[in-house]
Structures are given as structure tokens and as C-alpha cells.
Amino acid sequence: FDRHGEEGLRFLLERLRQTEITDVLLQREEASEELIEAVFTAYLLAEILSQGRHRAYYPSYSEELLPFLLRFSETEEDFLREKCLIALGWIAGEREIPFLTGKMLEDRDALCRAWAASSLMQMSFHRVNGAILQEETKKDFAKAIEEEKDLQASGIMIEAAQTLFSKKWLSASALEAEDEAQIEKARRSAVRFLLK
């Protein structure tokens, strides 16, 4: 689709518009094929847009895609929420900061909380000024990192915060190895900085 430029984007958006995802489909424990296809279509579209963020059409297509990703991210299916939260990092604007901080702090799934944090960081490479993100998320990152019980999610949150705030608390190798001692040390350093 990315080789077809705007034509490919229009095709994918039209597919999403034709999909009827009701509240009933979103609240099911097991996702329907229709919902899975819609989420993966939205994810693909966001990924293509991310790669073309320098193009003139990037902001308008991002705005058209946002309502779909926000709606789909309310699904009960964790792996689909994860996809939506990742994709939001590529296309979301300032208005979505509270939505993503809410997911980082309150989603029931640890990976969803982690991907929400990562998406907040990703936004600084796409549509949102890094200084604005720092100002609006500093306290939320501190709270999320301090309270996160899942080691992997905590590490991902710390990594996202250190990128956003230009710090170095945790090495990629310690995160990958899920080195508890290193992650806990990084957690303390990150929280101390973020609460200043």
C-alpha cells in the first residue's frame, strides 16, 4: 500500500469506513474477525503514515484515522488494544496526550500500559513538540513508573521516559534481559528526576 501513495491510503481509509464496529463487538471477550481486520488495517495505515510524516497529506490522514484507533482501543482484547496504542504514537496529536497517559496509568494489561508510555515518547518524533510532551506527561510518567508492578512494562516505561527527557537510566541490554536490579535502580533514578 505504501507504494501507491495517497491512493493506497484512501483505499485503506475507505475499508475502515465500511467496517461497522459496534460497542457489542468491542466489549466481547473474544474479538471478531471483523474487528481484528479493522484494527490491523488501522495499524497498517498508521505505520504507512509514520513513514511518510514529511508528506503534506500526513496531518489530514492522521486526523481521519484517529477516531478509528481511539474507538478500537476500547476493545476488551488486550493484543488489539496494544496494536492501537502503538499506532497512536505515530499519528496522535496534543489532544490525545490525556488519553494515552490514562492508558499508561490505568489499563488492566501491563503491555498496554507500556505501549501507551512508548507512544507518548513516539509522538515527539511525529506530531507533538517534545517540550509540550515533557511538560504534560512528567508527573504521569513518575506515577506510572513508580507504581508499575510488571518488570517488563516498568522497563519499557523507563526507556520511553529517558528518551523523551534525554536521560540515560537504563541500558537496552538490561531492559532486554529484564535485569531486575538494573530496572529497579533505573526506576528510582527516573522517579527522582521526574518528581523534581
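**View 1. Overall dimensions of the chain.** For 196 residues, a compact globule would have a radius of gyration near 16 Å, and the 17 Å of the chain agrees with this; the radius is taken over C-alpha atoms, and the globule rule is 2.2 Å times the number of residues to the power 0.38. The model is predicted: local features need pLDDT of at least 70 and side-chain atom pairs count only at pLDDT 80 or more, whereas totals for chains, interfaces and linings use all residues. Residues are numbered from 1 along each chain as its sequence is written, and side-chain values use heavy atoms, with hydrogens and water left out. Along the principal axes, the C-alpha atoms fill a box of roughly 50 × 40 × 30 Å.

View 2. The chain holds 11 helices and zero strands; helices (H or I, at least four residues) and strands (E, at least two) are DSSP runs, numbered from the N terminus. Of the 196 residues, 49% count as buried (under 20% relative accessible area, with exposed over 50% and partly exposed in between; 1.4 Å probe, protein chains only). Among contacts (heavy atoms within 4.5 Å) with a separation of 6 or more, 69% come from residues 24 or more positions apart.

**View 3. Packing of helix 1 against helix 3.** Helix 1 (residues 5-18) and helix 3 (residues 33-51) pack at about 155 degrees, with their axes 10 Å apart; axes are lines fitted to C-alpha atoms, for helices over the stretch in contact, and angles run from 0 to 180 degrees between N-to-C directions. The two helices are therefore roughly antiparallel (over 145 degrees; under 35 is roughly parallel, 65 to 115 roughly perpendicular, the rest oblique). Leu9, Leu12, Leu13, Arg15 and Leu16 of helix 1 meet residues of helix 3 that include Glu37, Thr41, Leu45 and Leu49.

**View 4. Loop residues with positive phi.** Most residues other than glycine have a negative phi. Ser166, not a glycine, has a positive phi of about 55 degrees. Ser166 lies in the loop between helix 9 (151-164) and helix 10 (172-176) and is exposed, at 63% relative accessible area. Glu178 has a positive phi near 50 degrees. Glu178 lies in the loop between helix 10 and helix 11 (180-194) and is partly exposed, at 37% relative accessibility.
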